[in-house]
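Hello,

Here is the structure we talked about. My notes on its pockets, cores and rings follow below it.

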Amino acid sequence: MTAGNLIMIIIGIVFITLAIRKDYEPLLLIPIGFGVIVGNIPPIEGMALSVYDEGSVLSMIYYGVSQGVFPPLIFLGIGAMTDFSTMLSNPKLILLGAAAQVGIFLTFIGAMYLGFSPAESGAIGIIGGADGPTAIFLSAKLAPHLLGSIAIAAYSYMALVPVIQPPIMKLLTTREERLIRMKAPRHVSQREKIIFPIAGFLIACLIAPGAIVLVGMLFFGNLLKESTRTERLANTARNAMIDIVTILLGFSVGASTQAQTFLNPQSLLIFGLGALSFCIATAGGLLFAKFMNLFLKDKINPLVGAAGVSAVPDSARVVQMVGQKEDPHNFLLMHAMAPNVAGVLGSAIAAGILWSVLVL
């Protein structure tokens, strides 16, 4: 056992502690944290034990990560959980979800400037979407050797949404802006909810063919939910299946972070770029909401723009929390869910665009 292994085991214990004591994404950090501990126990020579040993049990589980199998299954479950009605009731809020994706592309440029290859830069940039499955899917396709670092960074920043976002939100908005009350969303008919996943998929796959798998599974899961005829399938997708996949994905990603391959200057740089990407994405949504208010009669509370990063539903909850600190009777959660789910679509489409362009 090296000093690096001990450091990684301590990091795994810190992840578990944060999950239990602070309630930071426990469904993700506990499997990842324990996986980090398992992955940094030195293997016995001649025995296939680690995720990198062909034929080992862990390598078979890790196959779902390295080949991009698990992320689409998680998107299926997310689709079966998601209610797009708030987004459909106020379509202009979709723009906030799109604006937040600026973090992905600015970080892509920054990573290239620092010497990463275009494919590596694309995989690193997607961390700014704060969407772990999308980050894993794209890095598996573009930069599999960076998959562990990118996955840990993406899930770490997802867990730290309540810590990272509030200071940026308060810095970029005035108290008067944080007090803005928005109109209640209009009622969305069941017909609209059923048509949307079909129409949305067709539009998205024309924009970014590389996103067909992720977006297709997301909208398929949503159709299972909204059709009202396949409730059993929708329940399985959003409960048992997504839980099983989350356990396997989190544990195997953690187990892939062996100190010998993970602890290096490149990984630290990826963590730094990921943090920058996440901050830029949050700021992009906030500032674009302020820009939209210059032209709107019914103003948008700029805090809602911070929910454009696709950490569902944590970033929407943070918007609600920050808004209620200023005005306990101002309810922003339903409004924030619109750019939040739009951000999920935005990050998946951004990943599809990067994959389509960078594999050529």
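**Pockets, cavity, cores and rings**

Six helices each supply at least two residues of the lining of the largest pocket: H2, H4 (70–81), H10 (147–159), H15, H18 (314–326) and H19. Helices here are DSSP runs (H or I, at least four residues; strands are E, at least two), numbered from the N terminus. The model is predicted: local features need pLDDT of at least 70, side-chain atom pairs count only at pLDDT 80 or more, and totals for chains, interfaces and linings use all residues. Residues are numbered from 1 along each chain as its sequence is written, and side-chain values use heavy atoms, with hydrogens and water left out.

The largest pocket has a volume of about 900 Å³. A pocket is an open set of points on a 1 Å grid over the protein atoms alone, with protein on both sides within 12 Å along at least five of seven lines. Lining residues have an atom within 4 Å of a point. Points are joined across faces, edges and corners, and a volume is the space filled by probe spheres set on them. The lining of the largest pocket has 34 residues, and Glu 25, Leu 27, Met 81, Val 312 and Pro 313 lie nearest its centre. By class, that lining divides into 23 nonpolar, three polar and eight charged. Nonpolar covers Ala, Val, Leu, Ile, Met, Phe, Trp, Tyr, Cys and Pro; charged covers Asp, Glu, Lys and Arg; the others, Gly among them, are polar.

The second largest pocket has a volume of about 350 Å³. It is lined by 18 residues, with Ile 94, Ala 342, Leu 345, Gly 346 and Ile 349 closest to its centre. Helix H6 (94–99), H13 and H19 give two or more residues each. This lining has 14 nonpolar, four polar and no charged residues.

There is one cavity of 30 Å³ or more. A cavity is a set of grid points where a 1.4 Å probe fits but cannot get out. The largest cavity holds about 30 Å³ of space. Its lining includes Asp 83, Phe 84, Lys 193 and Glu 226. H13 gives the most to that lining, with three residues. The classes are four nonpolar, two polar and three charged.

Now the cores. The largest nonpolar core has 104 residues, and Ile 124 and Val 319 have the most contacts inside it. Such a core is a set of buried Ala, Val, Leu, Ile, Met, Phe, Trp, Tyr and Cys residues joined through side-chain atoms within 4.5 Å. Helix H19 (residues 333–358) gives the most to this core, with 13 residues. A second, separate core has five residues, among them Ala 80 and Leu 224.

Last, the rings. The structure holds 11 aromatic pairs. Rings of Phe, Tyr and Trp (its six-membered ring) pair if their centres lie within 6.5 Å; planes under 30 degrees apart are stacked, over 60 edge-to-face, the rest tilted. Why does the pair of Phe 34 and Phe 251 count as stacked? Their planes are at 25°, with centres 6.5 Å apart, so the pair is stacked. Phe 34 is in helix H2 (residues 26–39) and Phe 251 in helix H15 (residues 231–255), 217 residues apart. Phe 34 is partly exposed at 45% relative accessibility. Phe 251 is partly exposed too, at 22%. Buried means under 20% relative accessible area, exposed over 50%, and partly exposed in between (1.4 Å probe, protein chains only). Tyr 157, Phe 262, Phe 271 and Phe 278 form one aromatic cluster.

Best wishes
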